[in-house]
Amino acid sequence: FKAYLAFGDLTNALQLVAGQLASEPDNIAALNNQAAILIQLNQAAAAIPFLDHALAITNSPAIRLNRAIAYMFSTNLPAAEADYHQLENLPVDIFSVHYGLAQIAEQRHDTNLAIHHFAICLSNVPPGTVNWEAARMHLEVLRNPASHDQTGK
């Protein structure tokens, strides 16, 4: 499985995980892996039932985070937001939670809320990291939209 992922062979990785699930339908790791691969294949909506099944067995914050991501990519913003809010006080990567909430706020055109969440992101990762730069760029665009207008207007 790891070799397939390392080489970007998601199709074979998916087949391997499907085989695991056929013999062990309650295998939490396999359910989560299946969902993660589906999300990478731009099939986020198809990932949600696997994550729902895993959450029915365990209340893992990591699986809830993956479901929030799947909901967001499948444009079910209310469900994504509900999952992210449930994660706010759980032992998960706070950057990921607030980055997701910021993206939802951006999609809803709520600039102030997006700025709030991206600012929290910046305060929870070391400066200069990939995540810090991503949050900083979003903040810059939100705070100065005219300077990033590609039309020159």
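Student: How many residues does helix H2 have, and what does it reach from its first C-alpha to its last?

Tutor: Helices here are DSSP runs (H or I, at least four residues), numbered from the N terminus. The expected span is 1.5 Å times one less than the number of residues. H2 covers residues 10-23, so 14 residues, and reaches 20 Å, close to the 20 Å expected. Keep in mind that this is a predicted model, where local features need pLDDT of at least 70, side-chain atom pairs count only at pLDDT 80 or more, and totals for chains, interfaces and linings use all residues. Residues are numbered from 1 along each chain as its sequence is written, and side-chain values use heavy atoms, with hydrogens and water left out.

Student: Which residues of H2 are buried?

Tutor: Buried means under 20% relative accessible area, exposed over 50%, and partly exposed in between (1.4 Å probe, protein chains only). In H2, the buried ones are Leu10, Ala13, Leu14, Val17 and Leu21. They span an arc of only 100° around the axis, so they sit on the same side of H2; the arc is taken from the directions from the helix axis to the C-beta atoms. As a general idea, an α-helix has 3.6 residues a turn, so residues three or four places apart point the same way. The face turned away from the buried side of H2 carries the exposed Thr11, Gln15, Ala22 and Ser23.

Student: And what covers the buried residues of H2?

Tutor: The cover includes helix H1 (2-6), H3 and H4, with contact meaning heavy atoms within 4.5 Å.

Student: On to rings: how many aromatic pairs are there in the whole structure?

Tutor: Rings of Phe, Tyr and Trp (its six-membered ring) pair if their centres lie within 6.5 Å; planes under 30 degrees apart count as stacked, over 60 as edge-to-face, the rest as tilted. The search finds 2 pairs. Phe95 and Tyr99 have ring centres 5.3 Å apart and planes at 25°, so that pair is stacked. Tyr99 also pairs with Phe118, edge-to-face, at 5.4 Å centre to centre and 75° between the planes. Phe95, Tyr99 and Phe118 make up one aromatic cluster.

Student: Where is Asn42, and is it buried or exposed?

Tutor: Most residues other than glycine have a negative phi. Asn42, though not a glycine, has a positive phi of about 60°. Asn42 is in the loop between H3 (28-40) and H4 (44-57), and is exposed at 72% relative accessible area.

Methods:
Helices (H or I, at least four residues) and strands (E, at least two) are DSSP runs, numbered from the N terminus.
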